[in-house]
Each structure stands twice: as C-alpha cells, then as structure tokens.
Amino acid sequence: MKTLAAKIEYQCVKCGKKFTYEELSMMPEFKCSECGYRVLKKARPPIVKHVKAR
Amino acid sequence: MVEFIIPVRCFTCGAVIGDKWEEFSRRVKAGEDPGKVLDELGVKKYCCRRMLLSHVEVIDEILEFSKFKGEIKKEPW
Amino acid sequence: MEIKILELTENKAKFILSDVTPAFANALRRIAISEVPSMAIDDVFVYENTSVLTDEMIAHRLGLIPLKTDLDSYVLPEKCSCKSEMGCNRCRVIGSLNVEAEDGRKTVYSGDLKFEDPEVKPVTDKIPIVKLEAGQRLKLEVHAKLGTGKQHAKWQPVSTCAYKYMPTIEVNKRVCDGCGRCVEACPKKVLNVEKEKVVVVDLLSCTLCMECVKVCPKEPPAIKVKGDDKTFIFTVESTGCLPVKRILVEAAKILKDKGEELSRQIKELG
C-alpha cells in the first residue's frame, strides 16, 4: 500500500509544482515549497482513461 | 429543469435539441416570445419544447468558480 | 399492400400504409426504432480534461451525438470478421477532439470532432459538448461504432416512429341537423358545418378521441367514428444519421431476414 501511495502526485494549485506523497510527509508544514500556497490538489495521473460513452 | 449544460437530445423522443439552445436563449433574452422562437426553430413536439423552455444553463455560473487567479502553468502533453 | 406518401423529406416521412395487419405495421415500427443500426461514439479515451464536467459526463454527451452513418462501408462489431476487442477499420472509426481555451470562455462543439473517415461526421456541428474557461483543455480520442437501439438509445436512428389508424367518419345526413356542437368539440378542427349538415374537412388530423360522438344530441348519434385497423398513417422522423427512406428500407429488410431465418429453422426441424 505504501509503494502505491508513493506514486501519487500532488500539485500546488497556484504555481503548479508537483510533489510526491513521500516529499509531503517529510515536510514540517503542509505548504508549497515554491510559493507557500497551502492548497494542494491531487494531480491527474498520466494514464489514458477509457470511458464507455453509455 | 436544471442541468449543467443543455442536454444533447430530448429526454422523451430523442430528437436532437442541443444545437438549438444558443439561438433560443439569445433570442428570448432579447425579448422575443419563447413560443414563437420555438416555432421558428422547428421544435414542434411539446416534449422537445419543454426541454428548451425549462432549461437553466448552470454551467455558466460554475465556470465562474473555476477561474484561476494565479498564473496558469501549462504542461505539454 | 399500398403506400401513399403524404410528406417525404430527407429526415421526415409521413405516409399511409394500407392492406396490412396491425402486427406487420407494429413490427416495422419496432424494428425501425431498435434494430436498424446507426453510428455513434462508444469508446472515449481521455488524455486530458481540465473542464468543469467529469470524464463520464463528457463521454455520455459524446455518445449521444448522432453521426452520419454509412451502412454499406461498416459492419456491426459483433458481426465483424476481425473478432477483436479494439476493432478494425471495418467495424469502428477513430476520431479525436482537441480543444484548448486560450484566453476567455470557449464552447466545445460537435463540429470540433474530427474523424479518420471524412464521411463520418456529426449530423450537426452546433451541439455544445462542454464549455471551457481560460486555460482549460480537453484532449481525447473517440471510437465510433455501429450499434442498434436495443443496445443503447444513442443508436436509435429515429426520434419519432409512430402510426395511428386511418379514421373513418360517417355523418348520417338524414339525422344530422347541423347544430354544430361536434364541430366545436373537436380539438383538431376536423369537422365543419356546410349547408346545415356536418362535413369532414380534415380527415387525417382526427385522433379518434370520440368527442364529437359524445356531444351529439341525437340518439343514436348522427356521427360515427371508427379506426380502420388495416390502414395506418405512419410518421417517421430521423435524427439525421440516416435518410428516413433508408431506415424504412433497412427495417423491411431486417423483418424479411427474420422471417427467412424462422422458415429455415422450421425446415431444419424436419
């Protein structure tokens, strides 16, 4: 479970810098290291999603 | 009915009505009688008429909230 | 069997079919709705979607867009000789949708869909799929396939396919006194008073509601309304994916194939 979690990428909403789960857990405070914005979102994984048009 | 964006087809009969929304809402906002606009657009069955007549285009308001205040960093795919 | 055409355009047909049983007329109607194949998007591969609608919502809307269908060049995926899941050039068409809102709001229309086969295109270019705000992007690949209305309503080639019995209205001229109550009661303005008698002016609009019979003050009523169950007034409207004439021809062909298959199976039983 931890190896799967490590591949998840999070992204700062303001400047777009990406972090992995590991980097985030190592940070003292939950904020972007580049611009200091405290809102992070989950970056869309680079997988082509197949959806049925039904 | 309130939908995000105008449905593509009439719920009851399946006739395409999505392409008629923009002209319909523009003309009704300008003050024309909705019944007359529907007649001129060729929307005859009342199942299709209610699709346009009672639609609320909510996506316009939602888009206001998706506006990005900072600089948009674009990533090449 | 006789067909008399009242109205025939590319997408709408109104005709009178006579000397057939209700079972036959109904079979034609049901097959036209659910078994005549048409082309629609069935698979959507999302590369990027930063719009306010979810991938599934956009895919659902894409599926509902009617596409111009070429029944002679393509086959139903179940019947294709390739027997592959991804399909081949005979059973599916690949298309793409690539829109970015550069600065300001932009609407993605059905006209932005581009297919490998230039003959396959949406029936109308003006259907809005999604609206994008500045910086939002939509990038996806679509596969369009043939299918039937039985599998999903997006593959129904018609929007209206209905019939009604041919009305027969008899006015007993000896009893009728031209009071005009039936003329007022009729919601479709089928009757009128001429020379103190009631006459029929618009027979085909009659919906057999029997209001005229109910309000007639005479006992028994001077007007008799019946539906002829061997003559049918058909109204068929296509969504634009196929010309309406082709839909009816295909429906008749499918009905004939069903009859032949039944006959063949009965013969095999011995």
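Let me start with a strand pair. In chain C, β9(C) and strand β12 (residues 223-238) run antiparallel, and 13 bridges join them. Strands here are DSSP runs of E, at least two residues, and helices are runs of H or I, at least four residues, both numbered from the N terminus. Two strands pair if DSSP finds at least two bridges between them. One bridge to look at: A162(C) has T235(C) in β12(C) as its partner.

Some ground rules. This is a predicted model, where local features need pLDDT of at least 70 and side-chain atom pairs count only at pLDDT 80 or more, while totals for chains, interfaces and linings use all residues. Residues are numbered from 1 along each chain as its sequence is written, chains are lettered from A and ligands numbered from 1 in the order in which they are written, and side-chain values use heavy atoms, with hydrogens and water left out.

Now the whole sheet. It is open and has four strands, in the order β1-β2-β12-β9 (chain C), with antiparallel pairing. Which strands stand at the edges? β1 (2-8) and β9 (158-171) of chain C do; each has a single partner strand, so one side of each lacks a neighbour in the sheet. On average, neighbouring strands are turned by 30° against each other, direction ignored. For angles in general, axes are lines fitted to C-alpha atoms, for helices over the stretch in contact, and values run from 0 to 180 degrees between N-to-C directions.

K4(C) stands opposite I16(C) in β2(C). The link from β1(C) to β2(C) is a hairpin through three residues.

Contact means heavy atoms within 4.5 Å. Helix α5 (residues 244-269) of chain C lies across β1, β2, β9 and β12 of chain C, at about 110° to β12(C).

Now the rings. Over all chains, the structure holds five aromatic pairs. Rings of Phe, Tyr and Trp (its six-membered ring) pair if their centres lie within 6.5 Å; planes under 30 degrees apart are stacked, over 60 edge-to-face, the rest tilted. Take Y163(C) and F232(C): centres 5.1 Å apart, planes at 75°, so edge-to-face. Y163(C) is in β9 and F232(C) in β12 of chain C, so the pair ties together parts 69 residues apart in sequence.

Is F232(C) buried or exposed? Buried, at 0% relative accessible area. The cut-offs are under 20% for buried, over 50% for exposed, and partly exposed in between (1.4 Å probe, protein chains only). Y163(C) is partly exposed, at 25%.

F232(C) also pairs with Y165(C): tilted, 5.7 Å centre to centre, 55° between the planes. That pair spans 67 residues, again from strand β9 to strand β12 of chain C. Y165(C) is partly exposed, at 34% relative accessibility. Ring pairs link F15(C), Y163(C), Y165(C), F232(C) and F234(C) into a cluster.

Last, the domains. Chain C is divided into domain 1 (2-34 + 160-235) and domain 2 (38-155). Those bounds come from an automatic or database domain assignment. The C-alpha centres of the two domains of chain C lie 43 Å apart.
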